[in-house]
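Here is a colleague's note on the model shown below. Please read it with the structure open.

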Amino acid sequence: MVVIIVAGLLVGNGVTPQLYPVGKNIQETSYHLNAGDLRKQAFNSSTDLLPLMQELLDYSGTIAVTLRKDDIESASHDLSRYASRYHDLQNLVIRLDMNESEIAHFSEDTGKQKDLLSQFVSSSESLKSLEKLEIQYHDEHDPDSVTRVRLQGRALKNRIQTLQNQYADVTDSLSARGGSLGVDTSPVRQSRTELDHLTGMVAERQSERDRYTRFAKAGTPFISFLPAQVNVTFQDKVEMYGFISGSQEENFPVEISIDNVPFLKIVPDEIGEFRSSFKVHNISAGDHVLKARWGTAYSEPSMIHVTPLETKLALKVLPVKGMAAVNLTWLLNARDPVPAVPVTIYQNNQAYDTVLTSQAGTCLVMVPIPEGTFDLFVRSEDPAYPLTPSESQHYTVISDGIQITSVTSSNTSPFQPVMLIVPAILLFAIPAIYFWRKGIVGTRANGFLEESPNNMESNVPVTGQNIPGSWDGDMSISAEAFTEPDGSPRWLYLDLLRVLSGCQEIVISPVMTPREISESIQEDECRTGFTRFINWYERVWYGGCTRPGCTKAMTEAAAAVRELCKGRKDEI
Amino acid sequence: MRYNYLAGLMVCATLLILGIFLTTNSYDLSRDNPGWNGSSEFFHKPDRYTTEMIQNIGLLKGKTDSAFLIIAPTGTYSDEEINDIRSFLHGGNTIILADETDAGNSLLSGLASSIRIGPSYLAGLDRAYNNSSIIVTNPVTDHPLTAGVESLVLDKAKPLTGGQAIIQTGIMSWIDLNSDYRMSSGESFGRYTVLAREQAGDGELIVLSDSGVFINSMSGLEPEWGNRQFITNIITYRPKLLIEQVHSRTADQNRFGWLAGMVRSDPIIKGLVVLIALLACAFFLRKRPPDLSFIDPGPVNILGSADKYQDV
């Protein structure tokens, strides 16, 4: 047993649990998450997708672009993907993956500068809508540190203007010098033309985009809003997500209203996202309009459909000792106990009082009862809640004005004896039939032995029921003896039992083992002979010895038992 | 007799389970940890004839044409160890460091590398599962380590700076400064390097900013991700693979694990243990005379005829 317990504990310890608490269903260490747990989760469920989609649609935060000195094309590709996906690019971080000396070389390379400026132009509406530019680069002597140069507002515009002017100056200068020296400067002029063309083209494309995209103007306040569940019932949770964009004079909170009645205020976070939830409680059944408002901006209305939930009301009325009053306790259930819902007490069909249920859905109220007979019950029927009306059972309360003399429930039915008798009969009948069929009760073996043909072959006189305390027992064994072939080990054993019960005056119970039977034999010689027989019998019967010698020894031992054990009967 | 066999079987099963239980652990990244955060599956993959566990950094001396794999080191390397590793590196070998902690930065600093591991984890919209920390990255430069690898899924990786980028995140990735797995104020989209290389003398230093590719839960990724191929590429990158077992968290083990490791590694102790086990088996399975006492209940004088069968 100890081994089993230890093995069980070790196996249990070693097996990974298949179920985890809801609050922590993904195993995690300081460094890693269990991807195996994540694989079990549904990817892209609506709950997961909603905020992700909001992020993609409404994101107007910072975009970071890493520029490596030999990989301008990659940065260009990244920026074009950003530009195609996002409507508004306000902040740009140029992360120069170079040290200062490389930056110095870079600044002298007009071709690469042109490329860099092209990135600016193609991704930020000619830099006019760009509000912040941050350039990060590594210190040549300290790779761990990152130097950040932030340009914002007027400084940013000045810097951009300077860059453009510098580029124009450089190209003009190169063209002039090249021309004076007779060098072909067309590539430089071409690059300048390309840049101007690119600037104009991107600006044109941006204005086109503005016409179709409501997010384009950063100043216009906008609010998006989406409830996660639209078909709900009592106590269901409704998740709400949304984003605000643009600017307003004040920092308004987001106000959520249902049917134009505000009921919740949410403060958006720093990037304009807001999220919250509420439980359906005192919202009537039917369709309702949910809307979000942020200052002057209103979201598109969203509909939710509330379905009523079926309720059950259980009432118990108990008299108050020594008073003409009763205590009413009830439980309002609708899938779960229903908290904070009004329940009305009725006395002879007249509303007596209305009480809210507790958080556990219960209530305890003492109602004084004047002299007379009253019908008491409670009912829940407020249409302001998405719950079906329900009524408790009725109680008839009789009071003599001093104390309560009788409380009777309408649900109390007269005692049904059948309800008790039928299970009782079944309870006793089934075991009785079982034992009767097994022959444990109701049959005496001696009766059978009298009829047994084997009996005639025995040398032992049949005394049967006349012998007090004789084998009175096992019909199954007797029946077995009848079916066993003559001379078989089992037949010999059962036959000896019959001999013993008849001659030795011992009571042989069906549950006794051969050893116990042997010990109960009083005569030493008979007991010794029977023990010897048992030794051979057990070896032959249980397959310990299959040789003919053993069988023969057993038969001889049986014959000896018959011989040795008949003495007592003779004495009797 | 049947009960004896059953009991013996249960004792053997219990001893087996006990042995497994005592020689395994749940330490993060441990090679003896068969759980999701262990690295037992990875340590079954290398070819035993071309792979060597480095229990002492001094053993790196004289090694050639080898890759030295350092997974998740802890603590600090001594100056002597750093010198040995630097000599190994500059001697034309390769060091592959997979780590996301400051211990990795300390080693990189000691090796005078320009590559650094950033302080915060990466997150991204290009994710393999329903968590932005399980990001999908892609090779951006041809390199033998990325041969046949179109994408690599990482489990809480950090951004690398410096060196030549080999694998980078998608552009919809950000450094999750506040560890909320979401884009927040101050966090910006961008492409970040997670595998970088650097030439050092005649050798090559490769840094992967996530040791998670070696844990068991990542080895069960779908074939569409190139993690398995990437691991194979690491194992076969150089003719010989040396795996650091001095500071690496993969070498963490409990006392019994240490004992088992010692037995496994020392042929003499291993032989002694096998001998003792065989002797114990022989003792318990020795042939014993059958217990026939129950057959002989004592002298019986009456039935002399049956006595001749007493010894049958």
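## Notes on the predicted model

1. Start with one strand residue. Val317(A) lies in strand β14 (residues 312-319) of chain A. Here helices (H or I, at least four residues) and strands (E, at least two) are DSSP runs, numbered from the N terminus. Val317(A) counts as buried because 24 C-beta neighbours lie inside 10 Å. The cut-offs are these: a residue is buried if 20 or more other C-beta atoms lie within 10 Å of its own, exposed if 12 or fewer, and partly exposed in between, with C-beta atoms placed from the backbone. Leaving out residues up to four places away in sequence, Val317(A) touches Val326(A), Leu328(A), Leu376(A), Tyr395(A), Val397(A) and Val407(A). Contact means that the C-beta atoms of two residues, placed from the backbone, lie within 7 Å. Leu364(A) is 47 residues from Val317(A) in sequence, and their C-alpha atoms are 9.9 Å apart.

2. Some ground rules. This is a predicted model, in which local features need pLDDT of at least 70, side-chain atom pairs count only at pLDDT 80 or more, and totals for chains, interfaces and linings use all residues. Residues are numbered from 1 along each chain as its sequence is written, while chains are lettered from A and ligands numbered from 1 in the order in which they are written.

3. How confident is the predictor in each chain? pLDDT is its confidence in each residue, from 0 to 100. Chain A averages 69, and 52% of its residues score at least 70. Chain B has a mean of 83, with 89% of residues at 70 or more. For the complex, the predictor gives an ipTM of 0.70 and a pTM of 0.45.

4. Handle some stretches with care. In chain A, pLDDT stays under 50 over residues 198-218, where the model has 27 contacts beyond four places in sequence. Residues 441-478 of chain A are also below 50, with 57 contacts beyond near neighbours in sequence. In chain B, residues 295-312 stay under 50 and have 26 contacts beyond four places in sequence. Where pLDDT is low, the predicted coordinates should not be read in detail.

5. Next, the make-up of each chain. Chain A has 16 helices and 23 strands. Of its 572 residues, 26% count as buried. Chain B has nine helices and 14 strands. Of its 312 residues, 44% are buried. Take contacts between residues at least 6 apart in sequence: in chain A, 61% join residues at least 24 apart. In chain B, the share is 73%.

6. Beyond four places in sequence, Val207(B) is in contact with Leu97(B), Leu108(B), Ile115(B), Leu160(B), Gly163(B) and Ala196(B).

7. Look at one helix pair. In chain B, helix α7 (residues 255-265) and helix α8 (residues 267-284) pack at about 105°, with axes 5 Å apart. That makes α7(B) roughly perpendicular to α8(B), a label for angles of 65 to 115 degrees. Axes are lines fitted to C-alpha atoms, for helices over the stretch in contact, and angles run from 0 to 180 degrees between N-to-C directions. Met262(B), Val263(B) and Arg264(B) in α7(B) meet Ile269(B), Lys270(B) and Val273(B) in α8(B).

8. Gln235(A) is not a glycine, yet has a positive phi of about 70°. Gln235(A) sits in the loop between β6 (231-233) and β7 (237-245) of chain A, and is partly exposed, with 16 C-beta neighbours inside 10 Å. Lys156(B), also not a glycine, has a positive phi near 60°. Lys156(B) lies in the loop between β7 (152-155) and β8 (160-161) of chain B, and is buried, with 24 such neighbours inside 10 Å.

Definitions and conventions. Parallel < 35°, antiparallel > 145°, perpendicular 65-115°, else oblique. pLDDT = per-residue confidence, 0-100.
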